[in-house]
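Dear colleague,

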Amino acid sequence: QVQLVESGGGLVQPGGSLRLSCAASGSIFNINRMGWYRQAPGKQRELVARMTSGGETYLKDSVEGRFTISRDNAKKTAYLQMNSLQPEDTAVYYCNADGLQYGSIPFVSWGQGTQVTVSS
């Protein structure tokens, strides 16, 4: 079993910043990709940012230049630094990771979600 625990969400005014963290634990041999999805009310879940173990990154166009994803592979932790937040960034943010457990068992895991609300 692989668990992902998120932290760092909250309420922020437009133009503000938040930093999300996602820590993985369990029987993990390696983590390939770690990333963040978000889901706003009435909308589908969408990929926001993702990073491979080798450092390749993806950022959704609408967050490019405002959000930064990073990883500490030794700590099995990913971070999403969100600057210049706008009301349209309001959503539940979910951490996602995939890789291999010991015994060459592939995994895909999700965090429980953390609410980000951007409002004045």
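**Strand pairing**

Strands E3 and E8 pair in the antiparallel sense over 6 bridges. Helices (H or I, at least four residues) and strands (E, at least two) are DSSP runs, numbered from the N terminus, and two strands count as paired if DSSP finds at least two bridges between them. This is a predicted model, in which local features need pLDDT of at least 70 and side-chain atom pairs count only at pLDDT 80 or more, whereas totals for chains, interfaces and linings use all residues. Residues are numbered from 1 along each chain as its sequence is written, and side-chain values use heavy atoms, with hydrogens and water left out.

Within this pairing, Leu20 stands opposite Leu80 in E8. The two strands belong to an open sheet of 4 strands, ordered E1-E3-E8-E7 with antiparallel pairing. E1 and E7 stand at the edges with a single partner strand each, so one side of each is left without a neighbour in the sheet. On average, neighbouring strands of this sheet are turned by 15° against each other, direction ignored; axes are lines fitted to C-alpha atoms, for helices over the stretch in contact, and angles run from 0 to 180 degrees between N-to-C directions.

**Nonpolar core**

The largest nonpolar core has 30 residues, and those with the most contacts inside it are Trp36, Phe67, Leu80, Met82 and Tyr93. Such a core is a set of buried Ala, Val, Leu, Ile, Met, Phe, Trp, Tyr and Cys residues joined through side-chain atoms within 4.5 Å. Among the elements giving two or more residues to this core are E1 (2–7), E3 (18–26), E8 (77–82) and E11 (114–118).

**Salt bridges**

The whole structure holds 5 salt bridges, each defined as a side-chain nitrogen of Lys or Arg within 4 Å of a carboxyl oxygen of Asp or Glu. One of them joins the side chains of Arg33 and Asp98 (2.9 Å, N to O). Arg33 lies in strand E4 (residues 28–39) and Asp98 in strand E9 (residues 91–101), so this pair ties together parts that are 65 residues apart in sequence. Arg33 is partly exposed at 30% relative accessibility, while Asp98 is buried at 11%; buried means under 20% relative accessible area, exposed over 50%, and partly exposed in between (1.4 Å probe, protein chains only).

A network of salt bridges links Arg38, Glu46, Lys60, Arg66 and Asp89. In it, the side chains of Arg38 and Glu46 meet at 2.8 Å, N to O. Arg38 is buried, at 5% relative accessibility, and Glu46 is partly exposed, at 27%. Glu46 also forms a salt bridge with Lys60, their closest N and O atoms being 3.3 Å apart. Glu46 lies in strand E5 (residues 46–52) and Lys60 in the loop between strand E6 (57–59) and strand E7 (67–72), so the pair ties together parts that are 14 residues apart in sequence. Lys60 is partly exposed, with a relative accessible area of 23%.

**Surroundings of Gln101**

Gln101 is found in strand E9 and is buried, at 13% relative accessibility. Leaving aside residues up to four places away in sequence, Gln101 touches Gln1, Val2, Ser27, Ile28, Phe29, Pro106 and Phe107, where contact means heavy atoms within 4.5 Å.

Yours sincerely
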